[in-house]
Amino acid sequence: MADKTRITIIGGGVGGYPAAIRAARMGAEVTLIEKDALGGTCLNWGCIPTKALLQSANVIQTMKESGTFGIKCKGYEVDFGAVMARKNTVVAQLTRGVGALLKAKKVKIIQGTASFTDAKTLQIRESGENVQGDAILIASGSVPGRIPIEGIDGPDVMDSNQVLAMKTLPKSVVVIGGGVIGVEFAQFLIAMGTEVTIIEMLPGLVPGVDKEIATILQKQLSAAGVKVVTSAAVKGIAHKKTENTVTYTIGDKTETITAEKVFLTVGRKPDFSLLNIDKVGIKHEKGAIVVNEFMETNVPGIYAAGDVVGGIMLAHLASAEGECAVRNILGHREVMNYKAVPSCIYTTPEVASVGLTEERAKERGEIQVGRFPLRGNGKALVLNETEGMVKVISDKKIGEVLGVHIIGPHATDMIAEAVLGMMMEMTAEELAGAIHPHPTVSEAIMEAAMVISGGAIHMP
Amino acid sequence: MPVEIVMPKLGLTMTEGLIVEWRKKEGDPVTKGDILFVLETEKVTYEVEAPEDGTIGKILVKEQETVPVGALVAYLLKPGESAVAITAAPAAAPRAEAASPAPAAASAAAAAPAAPAGGRVKATPLAKKLAKEYGIDLAAVGGTGPGGRILREDVEKAKASGIKAPAAAAPAAAAPAAEEKLVPFTGMRRTIAKKMLQSKLEAAQTYMSNTVDASNLQRYREALLPFVEKKYGVRLTITDLMMKVTGAALREHPVVNTRWTEKGVLYLPEVHMGMAMALDEGLIVPVIKSINAKSLGQIAVDRTALIKKGKTNSFLPDDIKGSTFTLSAMGMFGIEQFTAIINQPENAILGVAAIIDKPVVEKGQIVIRPMMNVNLSYDHRTIDGAEAGKFMQTLKAFIEDPVMILG
């Protein structure tokens with residue numbers, strides 16, 4: 001038997017651990033180096049814990065609306081400690097699971113901080129141990145972003161990691177940054193009874209999301225009680241005892257808002273600060289490691305995947321990139337496919353999309369847009385969640401589906417259909433022609449596609 | 001070059017095999033016929049033999065591992081070769097899980113057309129619509145997507161390279177260029193098209209090729225040439241000799257001289273040698289009957305007569321039917337190697353290439369020999385690889401020493 005290919009993976013997050021398992025399944029000898037917790041940002045400080053918290057928020061939502069369903073519910077009490085504890089239980093179970101999976105595949109796990117000594121060797125800072133491999137995959141992830149304003153280092157200014165570790169529920173919060181992370185925190189806090197203000201620099205929340213969808217989301221958040229300030233540039237944060245005053249400008253006007261805590265959710269930035277990558281000459285630009293279409297860096301045998309390569313920083317994309325990288329290490333020649341990368345927001349209602357927004361699609365050529373409001377969907381009415389819509393965007397001539405955008409219940413689960421379809425190069429006709437189960441919210445996707453291919457049934 | 005030992009295909013439905021046990025270790029000397037390993041499929045357990053003498057250089061697939069048919073499992077070093085010869089081989093790991101099974105004979109082009117015309121074409125909905133829009137025949141487009149599926153990109157590339165819809169379907173207005181001309185199908189062209197495609201669709205065609213020393217073949221032809229010319233008034237050709245020795249080899253291996261029928265494999269008592277012939281209008285296969293009962297001179301006479309009939313378009317129906325095996329010669333075009341399509345319902349066809357002087361190793365010395373490639377296309381439904389191999393072995397022996405057919 002030939003010697004196994006030895007692969008060293010830096011980072012046990014969703015860029016690294018699925019890649020480790022894939023490589024091991026393919027017969028490689030894999031070493032995984034993690035400096036903190038297996039599962040990385042996704043499992044410990046991102047996707048999973050925030051969704052666990054939002055599920056607690058959903059329970060409150062259900063109780064608030066119970067009367068509509070004929071169930072009288074006499075008040076409720078938030079036990080914030082228990083809310084956080086449940087989140088921690090979910091996280092612990094998942095990270096344990098990742099550990100068990102890696103062990104089952106005989107992946108060697110080293111707890112420590114990796115640092116390059118040469119293109120084939122990493123040194124563990126804590127132990128001094130040298131780890132050699134035939135190839136290295138850097139999946140070191142990202143850290144919460146920061147902005148250079150006065151008072152940013154104040155005691156009540158928290159990034160997402162700190163928010164997820166807080167012990168008590170603040171009475172009021174200013175969220176700086178109205179992107180995906182910001183609106184999800186706002187959604188959670190408002191349900192918990194905290195006063196929330198989001199300050200966003202751009203004219204609307206969740207920039208990058210299809211405008212029509214983002215507008216509906218913003219309206220829903222406002223209706224839930226979140227104060228939304230847009231086109232506002234934060235100038236500084238002044239700390240005074242138990243209060244923090246955030247100063248911002250809108251145009252020429254300067255305004256302030258005061259709250260107990262300030263959450264900083266201004267995106268994330270790739271992190272390779274501890275790896276010493278300049279020692280081996282790995283190219284990086286604008287703070288991210290540069291890779292080619294095979295996920296390989298400029299140094300042969302060194303690959304990178306996930307948040308550390310910048311671009312779209314999403315868990316599922318990191319996993320796909322990591323797996324692509326190890327397949328290429330092990331002799332395949334596979335180009336990373338970015339054709340259909342879904343993105344999700346776990347607000348109420350949920351938002352999910354894949355492909356081009358209407359704005360971007362229009363720039364490319366003539367399009368058709370099929371919209372279907374959830375008011376016309378039976379299941380949405382049953383759920384009492386009719387605020388929302390599905391929007392299918394297709395090329396006018398051939399009908400290629402260019403984008404699908406959903407806002408409404410189960411949006412984040414339903415988008416998978418559109419992802420598969422786009423991967424398989426479907427046109428609106430196939431989406432409309434596929435028999436969708438009744439009664440489900442997913443019928444709205446079919447109806448939106450029907451608008452393009454010949455007219456919806458449940459819409460005048 | 002070390003010999004590649006691959007997972008053999010034991011039956012039509014076999015796609016992968018499990019290596020149960022290695023009977024040899026790396027470094028073990030083996031002689032041809034030694035059992036190398038035992039494999040197991042869903043249906044059978046089978047012992048795989050060494051194809052030739054040598055030493056086991058490297059074992060790439062461990063016991064209890066399953067690999068696709070055609071996957072490389074080991075290297076056999078020929079006498080005198082060292083393990084250095086295989087360092088260029090790819091690492092075993094990716095080979096082992098490489099999901100794309102590459103059956104030995106069919107690993108030709110990466111983007112082969114997804115399906116023949118009339119068959120089911122695998123294409124994405126978008127690719128189908130674009131093809132219609134562009135007037136492109138998808139059957140002629142190679143698919144690069146999962147499972148050979150034709151993608152948008154493939155259609156765009158096909159458009160750029162000028163592939164069009166079948167002529168019959170293309171609107172006349174679509175061909176405005178002055179130098180293009182539409183030649184309507186003749187009946188013969190339609191027959192050829194139908195037969196060729198049908199053969200490719202129906203038969204499990206696979207191929208086996210050998211390069212043989214034609215020194216003696218040439219020598220005997222030269223020796224017999226004046227005799228045949230004097231006695232029969234025709235010129236003896238290499239093709240005549242090839243038909244003669246092939247007929248003799250077929251007699252030794254009756255399974256190659258068979259027909260595929262609905263009810264079973266029909267073994268034919270006589271060899272009627274089909275002789276692929278190019279006419280201006282297309283291909284035709286006249287037949288030399290009972291070739292094993294004929295002298296070389298008589299074969300040359302028959303061949304000359306058939307060629308004359310071909311040129312004057314005066315074949316009688318009997319001249320072009322009843323062949324049990326076909327030989328196609330391309331020597332006149334200097335072709336080094338080619339594969340022919342089985343002339344159904346026959347089960348095999350031999351492609352005979354040009355005789356070309358080549359350096360070969362003989363007793364450790366490099367010498368120049370007139371070498372000729374013979375390529376057998378055979379229907380694996382009827383003829384297993386081992387049977388084809390034995391036939392080719394005999395054929396090689398007869399070509400290299402034609403005197404043997406007297407024995």
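Two strands pair if DSSP finds at least two bridges between them. Helices (H or I, at least four residues) and strands (E, at least two) are themselves DSSP runs, numbered from the N terminus.

Strand S4 (residues 114–118) of chain A pairs with strand S5 (residues 121–124) of chain A in the antiparallel sense, over four bridges. In this pairing, A:Ser115 stands opposite A:Gln123 of S5(A).

S5(A) has another antiparallel pairing, over three bridges, with strand S6 (residues 130–132) of chain A. Here A:Leu122 faces its opposite residue, A:Val131 in S6(A). The hairpin of S5(A) and S6(A) has five residues between the strands, and A:Gly128 in this hairpin takes a positive phi near 80 degrees.

## How to read this model

This is a predicted model, in which local features need pLDDT of at least 70 and side-chain atom pairs count only at pLDDT 80 or more, while totals for chains, interfaces and linings use all residues. Residues are numbered from 1 along each chain as its sequence is written, and chains are lettered from A and ligands numbered from 1 in the order in which they are written.

The model scores ipTM 0.72 and pTM 0.61. For chain B, the average pLDDT (the predictor's confidence in each residue, from 0 to 100) is 82, and 85% of the residues score at least 70. Which parts of chain B have a pLDDT under 50? One such stretch is residues 114–118 of chain B, for which the model has 17 contacts beyond four places in sequence; two residues are in contact if their C-beta atoms, placed from the backbone, lie within 7 Å. Residues 167–176 of chain B also have a pLDDT below 50, and this stretch has eight contacts in the model beyond near neighbours in sequence. Where pLDDT is low, the predicted coordinates should not be read in detail.

Chain A contains 13 helices and 25 strands. Of its 460 residues, 48% are buried, where buried means that 20 or more other C-beta atoms lie within 10 Å of a residue's own (exposed is 12 or fewer, partly exposed is in between, and C-beta atoms are placed from the backbone). Among contacts in chain A between residues at least 6 apart in sequence, 67% join residues at least 24 apart.

Five strands of chain A form an open sheet with parallel pairing, in the order S3-S2-S1-S7-S20. Strand S3 (108–111) and strand S20 (302–304) of chain A each have a single partner strand, so they stand at the edges with one side left without a neighbour in the sheet. From one strand to the next, the twist averages 20 degrees. Helix H8 (residues 315–329) of chain A packs on the sheet and touches strand S1 (6–10), strand S7 (135–138) and S20 of chain A. The direction of H8(A) makes about 170 degrees with that of S7(A); axes are lines fitted to C-alpha atoms, for helices over the stretch in contact, and angles run from 0 to 180 degrees between N-to-C directions.

Strand S2 (residues 29–34) of chain A pairs with S3(A) in the parallel sense over four bridges. The bridge partner of A:Thr31 in S3(A) is A:Lys108.

Chain B has eight helices and 18 strands, and 34% of its 407 residues count as buried.

An open sheet of four strands in chain B has antiparallel pairing and the order S5-S4-S2-S7. Why does one side of strand S5 (45–49) and of strand S7 (66–68) of chain B lack a neighbour in the sheet? Both stand at the edges, each with a single partner strand. Strand S4 (residues 35–40) of chain B is joined to S5(B) by five bridges, and B:Leu39 stands opposite B:Tyr46 in S5(B).

## A helix and a loop in chain B

Helix H5 (residues 215–232) of chain B has 18 residues, so at 1.5 Å a residue it should span 26 Å, and its end C-alpha atoms, 25 Å apart, agree with this. The expected span is 1.5 Å times one less than the number of residues. H5(B) is followed by B:Gly233, whose phi is positive, near 75 degrees.

B:Gly322 lies in the loop between helix H7 (296–311) and strand S16 (325–329) of chain B. This glycine, B:Gly322, counts as partly exposed because it has 13 C-beta neighbours inside 10 Å. Leaving aside neighbours within four places in sequence, B:Gly322 is in contact with B:His272 and B:Val287.
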